[in-house]
Structures are given as C-alpha cells and as structure tokens.
Amino acid sequence: MAEFTMELNDEQKEVRDWLHGFAADVIRPAAAEWDEREETPWPVIQEAAKVGIYSLDFYAQQYFDPTGLGIPMAMEELFWGDAGIALSIVGTGLAAVGVLANGTEEQIGTWIPQMYGDATDVKVAAFCSSEPDAGSDVASMRTRAVYDEANDEWVINGTKTWATNGGIANVHVVVASVDPELGSKGHASFIVPPGTRGLAQGQKFKKHGIRASHTAEVVLDDVRVPGSCLLGGKEKLDERLARAREKAKAAGGERVKNAAMATFEASRPAVGAMAVGTARAAYEVALEYARTREQFGRPIIDNQGVAFQLADMRTQIDAARLLVWRASWMAISGKRFTAAEGSMSKLFASETAKKVTAQAIQILGGNGYTREYPVERMHRDAAIYTIFEGTSEIQRLVIARTLSGMPIR
Ligand SMILES: Cc1cc2nc3c(=O)[nH]c(=O)nc-3n(C[C@H](O)[C@H](O)[C@H](O)COP(=O)(O)OP(=O)(O)OC[C@H]3O[C@@H](n4cnc5c(N)ncnc54)[C@H](O)[C@@H]3O)c2cc1C
C-alpha cells in the first residue's frame, strides 16, 4: 500500500503537464463554441483519442495508480480546460468503470474496447441508472430485467433519464431491478450492445451548463440481451440475491432501501476533482483580472475587499483538493470510509466550485456577466457538481448516517 502523499511523483508530474497542455491548447479554445452549439464535441474527442487521452489504457493507468492520485490529477486538469468538453471525454470512462468493477474478464475484454472505438472511429458509452421517479431514491428504480431461461436472454423494460451520452453511445450500461422486493440490493447491471433493438433515445435535455456534454432519456422497450451481458454473470447474481433475501427475512421482510447510495462512495472523489478543476480555472481568471483591472487609479486587487475574496477562494480550492486526494488514496488503499470521506470530498469540492465561480463573476464585474469572459460559463458548469453522483443533500445524509450510525431521514 502506498503512503499518503501530497506531492505528485516525477512521472505523475509529467502526465499532469501533458494533460494541462492538451487542456490549454485544445479544450479551452474550443469551450465557448461547443457550449453555444450544445452538441457533443466529436472533433475534440477524436483529438484526445489521437494523443491517447481518450483511451482505456490511459484511463486504466490512472485508475490503478497505487497512490490514488492518478484520477483526481487527470480530472482536475481536463475539467480546468472546460467542464462540458471534459465530461464528453471522461463520460465513457465512468461507464467503463462499471464494467471494470463488476464485469468478468471476458466482459471487460469484449465490451470496453467497443466503448471507446479507435482514433479513426471514436465511440462513446453511457451509464444509465437514474429514472424519472428514481433519482436520489435509487431503490425506487422501476426498470425491470426478467430472465428468459429458455433463450438464455434478459428482457429489459423501462425509462432511464439524465444519461450522459444516452442514445448516442455505442455501448449502454443499464442498471435494472431483477427483484423489486429487495430494493437496491435487487439491482443488476447489463450491457446493451451496439444496435440492440428496443433501445431508443428519448428527449435530449437543453441544460444550464456543461452544454458540450450530451444528456438524454433512454427508453428500453422489450430490449433483449444475451445472458452473457449480465455483468458478473448469473451465478454471482444468484448468490448475491440469496444473501440479500436472507438478510431481508431476518429484518422482518422489510424492503431494503439505499437512498444514501453508499455504494458510490469510492467514485465520488473523482467528481470532487472535476469541481476542483472548474474552481481553479475561475480563480485563475479572477486573479489575473484583479491584478490588471484598474479603478480609482490602482489595480482592484489593491482593495482588501477583492484580495481577501481571492485569498478565501484559493484556500477553499486547496482544502477541497486535499479532501479529494485523501479520499482517493483511501479508496485505492482499501481503507474503510469510517466518516464517509468520499462523500465529504465531493460535498466540499462541489460547493466550493459553485461559490468560487460566483465570486469570480463578481470580481470581473460587468465583464464577468458576459460570454466574452469564461467565468459565467464556469459558474453555469459548476452547478452540476452539487447535483450529479448524489446531490449535496444526499452527501450530507451519507456523512450524517455514517457518523451517527442512525437512519437519519
Ligand atoms: C447533466 C446531468 C448528467 C447526469 N448524468 C447521469 C448519468 O450519466 N447516469 C445516471 O444514471 N444519472 C445521471 N444524472 C442523474 C443525477 O445523478 C440525478 O439528477 C441526481 O442523482 C439527483 O436526482 P434527481 O434529479 O431525480 O433529483 P431528486 O432526487 O428528485 O432531488 C430533488 C431535490 O430533493 C433533494 N432530496 C431528495 N431526497 C432527499 C433527502 N432524503 N433528504 C434531503 N434532500 C433530499 C435533493 O437533494 C434535491 O435537492 C445526471 C444528471 C444531470 C443533471
């Protein structure tokens, strides 16, 4: 197990500088255009694929970095470039992690390459869990998967919503209930292969921010997938369900609920790192502006009212990064989150990004409020971090329950 460190090693610094170069030279210059177009920035994804940033190899290398700092460092740099474009680049990785974490070796080898495609023909993947009536309350999921034993197929029916890359993905990872009595313990994940009949894109959402990332409903109408598309395989699922049924029986048949989504604890620091990237980007623009903009015959940073805001912004960004790095190190080291440290990092970093980007607009005055400068886009983008992968309220619920051991509602 690697010791916790607050310093990147030489190899990590090299990767960070390479990513920063891509973010500065390719992502940031394209940000305003794709924000206005509200479309997936395919040419930028293709550029990222050409240099090796959009690939399973790169993602896996960072994911398995024994210090735990690979993913947070990569996320911070890419999202520093632009949140919407960066989400289009890393969205596939989020779906791939579902397969890496739960799939068999054969499933990983078969499906993950198809999620990425290659530099001449890039593809994306989608992770579909949320539903119109099951957002924070994951246990209320209605999408059902029923096993057709005669054909060794699963039949999936339901409507997913808010899916990043939903409908445009080559491979969809769909979470469905195989035993509604068990609540979230009765969920299983399925691969829906390219071109499967019955899967269609519903509404594409017009959003407040991260507009270069595609978000849509996914409708599943009698979607049939082979038995081999159940992630982890049937035997493992049957064993897990049997254990969950035993537990439910011992609890007097009470439906097992998991509104707190504690299972996402380990992936939350990655979202915290995205928020740190956006916050840092806005802070840097504000610092530079405050140094150069003159009013009353002196730079506006000469006023404590402005300088102290910048001091607070930087302090909070650094504190957020430390929480993110701690949780990422704990996750890779297999340390138990005894105080919901993953949720803590996501909560603090996402609230920081919202606050810091709003302060950046204020420091830029009228210019901050226009699309001539990037901070208004960064502020719109930052609003997503307190919502997806569990809202701030849900993070607080997870932390409070973990600390108290009480079923706080
Ligand atoms: C741009 C975008 C991309 C997304 N990408 C994906 C994706 O790729 N895949 C996917 O599966 N999902 C995705 N999501 C869904 C996202 O994870 C959900 O929006 C989020 O979990 C919240 O669910 P909800 O929108 O239904 O809000 P709700 O659960 O309806 O919450 C509404 C409000 O009520 C509060 N609330 C709810 N329950 C409680 C409680 N018990 N205590 C206190 N407050 C509470 C919430 O905090 C929130 O403020 C995405 C969402 C967006 C907007």
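This is a predicted model: local features need pLDDT of at least 70, side-chain atom pairs count only at pLDDT 80 or more; totals for chains, interfaces and linings use all residues.
1. By class, nine of its residues are nonpolar, seven are polar and three are charged. That shell comprises 19 residues, and the closest to the ligand are Ser130, Ser136, Trp162, Thr391 and Glu393.

2. Which secondary-structure elements each supply at least two residues of the shell? They are β3 (125–128), β5 (153–164) and α12 (392–404). Strand β5 gives the largest share, with three residues.

3. A nitrogen atom of the ligand sits 2.8 Å from an N or O atom in the side chain of Ser130. Trp162 takes part through its backbone, where an N or O atom lies 2.8 Å from a nitrogen atom of the ligand. On its own the ligand has 980 Å² of accessible area, and the protein covers 66% of that.

4. On the domain layout, the assignment gives domain 1 (10–122), domain 2 (125–249) and domain 3 (259–404). Why does the ligand lie between domain 2 and domain 3? Both of these domains give residues to the shell around the ligand, so it lies between them.

5. Now to how domain 2 and domain 3 meet. Their centres, taken over C-alpha atoms, are separated by 31 Å. The contact involves eight residues of domain 2 and ten residues of domain 3. Between them the two domains bury about 780 Å², with 61% of it on carbon and sulfur atoms. On the domain 2 side, Ser136, His208 and Ile210 lose the most area to domain 3, and together these three account for 57% of what that side buries.

6. A last point concerns Leu199, which is found in strand β8 (residues 199–204). Leaving aside residues up to four places away in sequence, Leu199 touches His172, Val192, Val218, Val219, Leu220 and Val223. How far from the C-alpha atom of Leu199 is that of Gly233? The two C-alpha atoms are separated by 22 Å, with the residues 34 apart along the chain.

Terms used: Residues are numbered from 1 along each chain as its sequence is written. Side-chain values use heavy atoms; hydrogens and water are left out. A residue is near a molecule or strand if one of its heavy atoms lies within 4 Å of it. A polar contact is a pair of N or O atoms within 3.5 Å; within protein, one must be able to donate a hydrogen and the other to accept it, and residues adjacent in sequence count only if both atoms are side-chain atoms. Accessible areas come from the Shrake-Rupley method with a 1.4 Å probe; for residues, only the protein chains shown count as cover. Helices (H or I, at least four residues) and strands (E, at least two) are DSSP runs, numbered from the N terminus. Ala, Val, Leu, Ile, Met, Phe, Trp, Tyr, Cys and Pro count as nonpolar, Asp, Glu, Lys and Arg as charged, and the others, Gly among them, as polar. Domain bounds come from an automatic or database domain assignment. Contact means heavy atoms within 4.5 Å. Buried area is the accessible area (1.4 Å probe) that two parts lose on being put together, summed over both.
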